Every structure is written in C-alpha cells, then in structure tokens.
Amino acid sequence: MVTMSGLVIAMLLAMLDNMIVAPALPTIVGDLDGLNHLAWVTTGYILASTVATPIWGKLGDLLGRRITFLSSIAIFLIGSALCGMSQNMGELIAFRAVQGLGAGGLMVGVMAVLADIVPPRERGKYQGVMMAVMPVAMIGGPLVGGFITDNLNWRWAFYVNLPLGVVALAVCWFVLAKLPRGKGQVRIDWLGAGLLSAWITTLVLITTWGGSEYDWASPQILGLAAVTLLAFAAFVLVERRATEPIMPLSVFANRNFTLAGVLSLIVGFAMFGGITLLPQFQQYVQGSSATNSGLLLMPMMLAAMVVSLVGGQVITRTGRYRALPIAGTVLMTTGLALFATMDTGTSRLTTGVFMAILGAGMGCLMQTTMLIAQNSSPVHAIGAATGAATFLRNMGGSLGVSLLTTLYTNHLIDSLGGSGQAASSAGSMTPAMLRGLPENVRHAFSVAVSDGVSAAFTWGAAAAAAGIVIALLIRHVPLRGFADAPKPEPAAELQSA
C-alpha cells in the first residue's frame with residue numbers, strides 16, 4: 001500500500017495533464033490563432049507517448065522499473081515547464097511532444113510495477129483503484145483547467161504540473177527502492193523504435209491532413225500511405241529478428257492478448273476523441289464557461305470511476321471478467337451514437353445523461369483490457385506486454401483525436417461557408433469573443449460547431465460498434481496467481497510463436 005501511494009500520485013500526474021488542458025483548448029487555439037492545428041496540441045502529446053510507451057516498457061525490463069520511472073517523471077516536468085513558455089502553436093506542439101515522451105513512461109511504469117508486486121487474481125481490485133485515479137483526474141482536471149483559464153492564464157494549465165511532479169519524484173524515489181534492478185544487459189532495439197515512430201507518425205499525418213490540407217488522392221497522402229506500409233512491413237521484419245525487440249510480436253500470438261489490444265485501441269479512440277471535442281460543444285454551443293465545461297464532464301467521469309471500482313471488485317471475488325468488455329463496448333457505442341444526435345437545442349441535462357452512458361462503458365473497459373492482456377502474456381515479459389497494450393490504447397487516442405478533430409474542423413469551416421475568411425475567423429475565435437458578437441452570428445457559429453461535433457461522433461460510434469464484435473470473441477481464461485503462474489517460455493519458443 002505504501003508503494004501504491006507513489007503509483008497513485010504518478011498516475012494522477014499523467015492523467016491530469018490532458019484533462020486540465022482540454023477546457024483551455026478553445027482559448028489556447030484562439031489566442032495562438034491555430035484552429036487548423038487544434039488536433040496537434042493533443043495529438044503531439046499522445047503520439048509521443050504512444051511511440052515512447054513500448055520503449056519505456058522494455059527499458060523497465062532491462063534496467064529496472066525505478067530508474068526508468070523516475071526518469072519519465074523528470075522528462076514530463078521539463079516538458080510541462082516548456083509548454084507554459086510557448087509563444088506560438090509550433091512551440092506548444094513540440095513541447096507537448098516532450099511531455100508525451102515522459103507520460104509514456106508514467107503510464108506503462110505504473111502498470112508494470114503493479115504487475116511486479118500483485119498476482120493477476122488479486123490485481124483486479126488494485127487496478128480498479130489505479131483506474132479510478134483516471135476518472136478522479138478527469139473530474140478534477142477539467143475543473144482546475146477551467147478555473148485557470150477563466151481566472152488566471154492558460155499557461156498555468158501546464159505550470160500546475162510542477163508541484164505535483166516534485167511530490168511524485170520524492171515519493172517514488174523512496175517507495176520504489178526495493179524493486180528489482182532489471183537484467184542489467186541493455187540491448188535497446190533502436191532500429192525497431194525508429195521504424196515504429198515512422199509508421200505511426202505517418203499514419204497520424206494521413207488522418208490529420210487527408211481531406212483537409214490535401215485531397216485523399218493527392219501525391220502527398222498517397223506518399224504518406226506508401227511510407228506507412230513500408231515502414232510497418234520493415235518494423236515487423238526487424239522485430240521478428242531482434243534479440244531484444246522493442247515490441248515482442250510473440251505476445252500477439254495469444255488470441256486474447258490481441259483482442260484485448262484491439263479493444264484498448266478502440267477505448268483510446270473514443271475516450272480521447274470525446275474529451276477533446278466535448279468542451280468545444282459545451283463552450284461554443286451551450287455557452288458554458290471553461291470552468292463549467294469542466295464541471296459538466298463530471299457525469300462521464302463519475303460513471304467511469306464507479307464502474308471501474310465495482311468491476312475490479314467483481315473480478316477479484318469471482319475471477320470472471322468476460323462480461324465486462326461486452327457490456328462496455330455496447331455502452332460506449334450507445335453513448336457515442338447519442339452524442340452524434342446533439343444539436344443547438346440539446347440541453348445540458350441530456351448531454352449529461354449521454355456522458356454517463358459513455359463513462360460507464362469506459363469504466364467497464366479501461367482496467368479489464370489491461371488485465372486480460374497481462375494475464376495472456378509470459379510473466380517475464382510483463383513489461384513489454386504492458387507497453388504493447390498501452391501503446392495500442394495510445395495509438396487509438398492519437399488516431400481518434402486526429403481523425404475526429406479533422407472531421408470536426410472540416411464540417412465547421414464548410415458550415416461557415418468554406419472560404420479562407422471563414423477558416424481564419426474560426427481559427428481565431430475564442431468563447432469569450434463569441435459571446436460579444438451579434439445573436440445571428442453567434443447562432444451561425446453554434447450551428448457550425450454542432451454540425452462538426454455530430455459528424456465526428458458518428459464516426460466514433462461506428463468504430464466503437466466494431467468493438468462489440470471483438471469483445472464477443474474474447475474467451476475466458478482463468479486468472480493466474482503467483483503460485484500457478486506458467487514458467488517463462490524459452491526465447492526460441494517465443495520467437496517461433
């Protein structure tokens with residue numbers, strides 16, 4: 001439990017950032033005149049953490065959890081300070097990527113340390129506590145971010161990480177001192193890491209630029225698609241031959257691990273896409289302040305927290321988990337489909353009900369997908385397996401934010417007339433500026449925002465619906481304890497798998 005205190009603080013640090021920044025985004029984008037780069041404020045962070053996650057997981061296996069965990073906290077804090085000093089969108093996006101590099105280590109580090117000290121049969125209730133930190137951060141983060149935006153300056157949305165980060169560093173320095181030091185043989189698959197970075201980056205660029213910056217059939221998009229395919233194929237070949245692969249492909253030979261990974265991707269797609277777009281609707285359409293838009297996210301966060309805690313207890317007591325991903329995907333699909341029906345007449349109460357449904361689905365899925373993935377991997381490869389599962393969730397978040405935000409931006413500009421002047425005015429519009437415009441202008445802009453959000457959530461619901469099929473394919477495999485954990489498999493056997 002002493003160790004858990006350090007992990008909870010670190011998880012809170014990682015989770016708070018995106019939640020604090022979300023309600024500040026409309027003001028940040030308007031202040032720095034960057035609507036066309038809206039997606040990258042979040043995507044830059046998630047993309048960097050996505051690429052870094054399997055690297056941190058592997059480093060933890062090789063060097064030990066403590067040193068890698070503390071290093072990731074330090075990098076995160078450096079990135080936070082630099083974000084607060086940004087003078088334009090380019091700097092902000094770059095420094096958000098630095099933050100993301102550290103955040104990738106925080107997320108995989110927490111789950112890997114937990115896997116080191118708690119057997120899978122008991123892990124459900126502890127992971128329930130850890131996953132409950134996410135909704136707590138999602139509740140507190142938007143409130144803090146909204147208050148900062150309304151009463152201070154958006155730059156403090158990043159500076160606020162620093163005192164909490166110092167506390168996390170101090171606590172984890174002491175409570176993680178007795179963790180194993182790792183193998184001591186450092187072989188980092190840098191070629192695999194580079195190829196991984198290449199294909200995931202170009203894939204996100206396709207979803208961000210396709211249909212907006214460039215036509216889908218343009219040489220630029222087709223060229224990026226070719227690079228994505230080539231880099232992915234090369235990545236698979238390199239990982240199959242690497243002595244210490246950055247992402248062991250053998251873990252994907254297990255059916256349950258692969259299915260849980262795909263579900264993690266879908267959860268990330270829905271969760272990060274929704275959190276990014278909902279404040280746009282609340283502030284521009286429903287007229288909420290930044291603080292109130294954070295408060296209005298509470299039904300989603302509370303539902304996710306309660307369901308996550310209850311689900312963890314149910315898994316621990318019964319050892320059964322298969323019903324949770326099925327229920328979670330159904331609820332998540334329903335919530336996103338309801339969001340797609342929102343318009344300028346949708347009340348805050350109605351929106352809150354939709355959020356509660358989506359949050360309940362997220363609560364069913366967040367911890368369960370990670371538990372299934374860890375239970376389906378060899379004990380000695382927990383760090384790499386955790387990194388791979390977290391990578392897939394973050395990749396879903398990267399694709400969700402880039403694709404859904406691009407759809408939102410395109411529909412917004414089209415609804416305003418599609419001209420360069422419309423794009424310029426939308427790019428520099430803040431909620432405070434909108435409230436000072438004539439009624440007819442406010443209504444036209446609100447309709448455009450509503451149309452954009454509806455289109456984005458329609459595609460989000462379609463992606464979530466595919467998750468129902470995936471969840472139905474998962475088979476129940478008894479959760480192992482340390483006593484009956486399978487022996488580590490020989491390296492050659494893993495490679496052949």
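The accessible surface of the protein comes to about 18300 Å². Carbon and sulfur atoms hold 67% of that surface. Such areas come from the Shrake-Rupley method with a 1.4 Å probe, and for residues only the protein chains shown count as cover. The model is predicted: local features need pLDDT of at least 70, side-chain atom pairs count only at pLDDT 80 or more, and totals for chains, interfaces and linings use all residues. Residues are numbered from 1 along each chain as its sequence is written, and side-chain values use heavy atoms, with hydrogens and water left out.

Now look inside. The protein has 497 residues, and 59% of them count as buried. Buried means under 20% relative accessible area, exposed means over 50%, and partly exposed lies in between (1.4 Å probe, protein chains only). The secondary structure is made of 20 helices and 0 strands. Both are DSSP runs numbered from the N terminus: helices are H or I with at least four residues, strands are E with at least two. A contact means heavy atoms within 4.5 Å.

Next, a pair of helices. Two packed helices are described by the angle between their axes and the distance between the axes. Helix 13 covers residues 298–318, and helix 15 covers residues 348–375. Their axes come within 7 Å and cross at roughly 35 degrees. Axes here are lines fitted to C-alpha atoms, for helices over the stretch in contact, and angles run from 0 to 180 degrees between N-to-C directions. Helix 13 passes helix 15 in a right-handed crossing. What kinds of residues make up the contact of helix 13 with helix 15? There are 14 nonpolar, 8 polar and no charged residues. Ala, Val, Leu, Ile, Met, Phe, Trp, Tyr, Cys and Pro count as nonpolar, Asp, Glu, Lys and Arg as charged, and the others, Gly among them, as polar.

Stay with helix 15. Thr368 is found there. Thr368 counts as buried because its relative accessibility is 1%. Leaving out residues up to four places away in sequence, Thr368 touches Ile315, Tyr321, Leu324 and Pro325. Thr368 and Ile315 are 53 residues apart in sequence, yet their C-alpha atoms are 8.9 Å apart. Asn375 also lies in helix 15. Its relative accessibility is 8%, so Asn375 is buried. Asn375 and Leu479 are 104 residues apart in sequence but 6.4 Å apart in space, C-alpha to C-alpha.

Aromatic rings come next. The whole structure holds 7 aromatic pairs. Rings of Phe, Tyr and Trp (its six-membered ring) pair if their centres lie within 6.5 Å; planes under 30 degrees apart are stacked, over 60 edge-to-face, and the rest tilted. Trp156 is partly exposed because its relative accessibility is 46%. Tyr159, at 22%, is partly exposed too. Phe339 and Phe354 form another edge-to-face pair, at 6.1 Å and 90 degrees. Phe339 lies in helix 14 (residues 323–339) and Phe354 in helix 15, so the pair ties together parts 15 residues apart in sequence. Phe339 and Phe354 are both buried.

Note on methods:
A crossing is left-handed if the near helix is turned anticlockwise from the far one by less than a right angle, and right-handed if clockwise.
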